[in-house]
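Biologist: Hey, I'm new to this one. Can you put it up and walk me through it?
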Amino acid sequence: KLDASKPIPPEYAAIVIYAPKYTIPDDELYHIDQYLLSGGTVIAMVENYDVALQAFSEETVKKMNPFDPNTPQPKPEFNSITPEFHNLNRLLGRYGVTVEDNLVADGTQNGQVFMLYTDPQTGIPYNKGFNYPLLPATDDLDRGHPLVRTLQQAMMPYSSSISIDKVEGQDVTALPLIQSSADSVLLPIDKGEPPTGDATAKPVEVDFPLEPEGLMEYVKKAKKDGPHALAVELAGTFHSAFEESEIPQPKAEEGKDVQTDPATKEPEHIAKGEGRLLVISSALALPPLSTERIFRGLKPFAVDPNSGDAILPEMRLINIMKIRSIRNQQAQQSAGPLVLQTFRWGAQPRKLSQVEAKHNEFRPIDTLEEGTRNQVVLLFVGVIPLLVLFGGFLAWLFRRLRQRKLAPRVRQLQKSTSGGQS
């Protein structure tokens, strides 16, 4: 894990900002900005909403007494959308990209979620796959770009649209690498007011159903407004996002001077510089596991053991590691190649990653006819071994003839040598 509260060394091949859930401090945003302008590669994977399907409700858990047998036990049947109040758009917007407050839904090209379903005939519950519009799967990829040109398709779970704006005086090229299909639909969502202090964000009400069959029907009736950019690369000369705002001052450790301590002394401010920025509007179904997320809003030494807060961290772990993994198992598998390609692209030198083939040509291996295959087998099984044996026999015969030819001379030399000694 990178400590962005300190200057980021430009020697790092790339840094990844993965699905921030809370406000990023100004000093960390500034160091990310300066790293980008020093020639670095920044990958921002943004998730604006946490979609939970058949999960445990935190509000219900908080109200229960875990040691009271008369307290109704919570069930994993809660569907919700919870906004993520990060401030990454404050940085991205200065470069010309914004991850909008919406979710992209696609009723035709999508993946499946696995929901707990009870068979009406047998009464046996099991996890059944349902096509889910909030898992858009698209083949609208920039085939000329090394990051996505080898992918057949890209699944972008719970993604938002990305808007691109031209920043005056900034020489940056913006390339939409992944776009949703023309049949996709934008679902705007009002985030409401952000929580204060250590409070956690609460689920918001939406104008559409979250369960798969209801959402599918809703999306198919909605007006199609695709395609929408879901992944964008920006490359070129960026202007610092802090040109018109106060540059955060470094924080010195106790007993140390900010100006003289090498650990806290800031490098000279970079006003503009070349870099690469990749923005992906999805967390790609990776589990958002962190201590901050598990214990957010809780004070361990002040938790009432008779309240639901005592088991809230456990419920959050179950929601993230078990329930979410089951629901999004196909999305995790499908998004895996894009995750690997993203990290591989970020680690490559910029000039090397831009080397591209002029065109792609499909050249399948020719299938041999049965007669030709038999001839090839005979050649390798019968003819070639016989040739090797024959070559060995010739070598042995040549060696024997040479020995016989040299034998008289050897005997003559032996006689002359023995005569001289006597």
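Modeller: First a term: buried means under 20% relative accessible area, exposed over 50%, and partly exposed in between, with a 1.4 Å probe and protein chains only. This is a predicted model, where local features need pLDDT of at least 70, side-chain atom pairs count only at pLDDT 80 or more, and totals for chains, interfaces and linings use all residues. Residues are numbered from 1 along each chain as its sequence is written, and side-chain values use heavy atoms, leaving out hydrogens and water.

Biologist: OK, so how does Arg344 count?
Modeller: Arg344 counts as partly exposed, because its relative accessibility is 45%. Arg344 belongs to helix H7, residues 329-347. Helices (H or I, at least four residues) and strands (E, at least two) are DSSP runs, numbered from the N terminus.

Biologist: New topic: what's the strand order in the open sheet?
Modeller: E7-E8-E10, three strands with antiparallel pairing. Strands pair if DSSP finds at least two bridges between them. E7 (110-118) and E10 (154-155) are at the edges with a single partner strand each, so one side of each has no neighbour in the sheet.

Biologist: And which helix packs on the sheet?
Modeller: H4, residues 212-221, which touches E7 and E8. Contact means heavy atoms within 4.5 Å.

Biologist: Which residues of H4 are buried?
Modeller: Pro212, Gly214, Leu215, Met216 and Val219. Their cover includes strands E6 (102-106), E7, E8 and E13 (184-188).

Note on methods:
Axes are lines fitted to C-alpha atoms, for helices over the stretch in contact, and angles run from 0 to 180 degrees between N-to-C directions.
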